[in-house]
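Here's a quick briefing to read alongside the fold. Have the viewer open and follow the topics in turn.

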Amino acid sequence: MLLQEIDQKVRTAITRWAMSPAEAELLMRYAAEGDHLEIGTLWGGSAIGVAMAKRSGEVYCIDPFPEMPQRELPTLAGVEASIKKLGITTIHLYQQAHPPMPSALEDHRFDTALIDGEHTYDACLANWLDIKGRVDRYILFHDIDFEDRVKPVWEIAISDPQWEYVEVAGDMGVVARR
Ligand SMILES: C[S@@+](CC[C@H](N)C(=O)[O-])C[C@H]1O[C@@H](n2cnc3c(N)ncnc32)[C@H](O)[C@@H]1O
């Protein structure tokens, strides 16, 4: 299936995919091979898109899935139901805030990762510092336009001697391990 077709299928299956089609396509292209770690899952759009685009590997998602019906946020059960309805069996959900890494994943290595959790400077920096040693190929940052919050962490990542800038589409940036 073409990445644009996957994007359309995900957007009709879930309540909201919190990224643009160009950002989604960049993510699906870089996360196509190997195990993928996702920090921040919301309704499951990015996790489902990556799972559908994958040629190999599985998707490991960390999100507290807070119960906030007044804000119409997704619940863990709601995201699980969307994944099941699409017949996807390669997504694993961990209900907690990152860091720390869930204990079941403590020794797991990932090919790729997406940082799209809490968009504060401290939280985003903590995500980066904890995962950069666990990921072998690409790390994607969403919302790198968030001045004083995500953007300075993205700038730390592209200046890291072990990582290098690869590409940006919309507000999604990619760094690769050197
Ligand atoms: C912008 S949304 C993620 C959007 C999703 N990646 C997509 O493309 O549709 C941010 C998510 O991060 C989650 N979150 C907040 N703090 C977190 C943390 N410390 N670790 C993991 N997820 C977190 C929130 O519950 C929320 O679901």
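Two strands count as paired if DSSP finds at least two bridges between them. Helices (H or I, at least four residues) and strands (E, at least two) are DSSP runs, numbered from the N terminus. What you're looking at is a predicted model, where local features need pLDDT of at least 70 and side-chain atom pairs count only at pLDDT 80 or more, while totals for chains, interfaces and linings use all residues. Residue numbers start from 1 along each chain as its sequence is written.

**Overall picture**

- The protein has six helices and seven strands, and from the N terminus on they run α-α-β-α-β-α-β-β-α-β-α-β-β.
- Along its principal axes, the C-alpha trace spans about 45 × 35 × 35 Å.
- A compact globule of 178 residues would have a radius of gyration near 16 Å, and the protein's 15 Å agrees with that. (The radius is taken over C-alpha atoms, and the globule rule is 2.2 Å times the number of residues to the power 0.38.)

**The sheet**

- Seven strands make an open sheet in the order E3-E2-E1-E4-E5-E7-E6, with mixed pairing.
- Strand E3 (91-95) and E6 are the edge strands, each pairing on one side only.
- Neighbouring strands of this sheet are turned by 20° against each other on average, direction ignored. (Axes are lines fitted to C-alpha atoms, for helices over the stretch in contact, and angles run from 0 to 180 degrees between N-to-C directions.)
- Helix H2 (residues 21-30) packs on the sheet, where it touches strand E4 (110-115), E5, E6 and E7, and its direction makes about 20° with that of E7. (Contact here means that the C-beta atoms of two residues, placed from the backbone, lie within 7 Å.)

**Strand pairs worth a click**

- E1 (residues 36-39) and E2 (residues 59-63) run parallel, joined by four bridges; Leu-37 stands opposite Tyr-60 in E2.
- E5 (residues 135-142) and E7 (residues 172-177) run antiparallel with five bridges, and Tyr-138 sits opposite Ala-176 in E7.
- E6 (residues 163-169) is also antiparallel to E7, this time through six bridges. Val-168 has Gly-173 in E7 as its bridge partner.
- The hairpin of E6 and E7 has two residues between the strands, and Gly-170 takes a positive phi near 60° there.

**H1 against H3**

- The axes of H1 (residues 3-13) and H3 (residues 45-53) come within 10 Å and cross at roughly 140°.
- The two helices are therefore oblique to each other. (Under 35 degrees counts as roughly parallel, over 145 as roughly antiparallel, 65 to 115 as roughly perpendicular, and the rest as oblique.)
- On the H1 side, Leu-3, Ile-6, Asp-7 and Val-10 meet Gly-45, Ile-48, Gly-49, Met-52 and Ala-53 of H3.
- The residues of this contact divide into six nonpolar, two polar and one charged. (Ala, Val, Leu, Ile, Met, Phe, Trp, Tyr, Cys and Pro count as nonpolar, Asp, Glu, Lys and Arg as charged, and the others, Gly among them, as polar.)

- Most residues other than glycine have a negative phi, and most peptide bonds are trans.
- Leu-42, in the loop between E1 and H3, has a positive phi of about 50° although it isn't a glycine.
- The His-98 to Pro-99 peptide bond is cis, with omega near -15°.
- Pro-99 and Pro-100 are joined by a cis peptide bond too, with omega about 10°.
- You'll find Pro-99 in the loop between E3 and E4, and Pro-100 lies in the loop between E3 and E4 as well.
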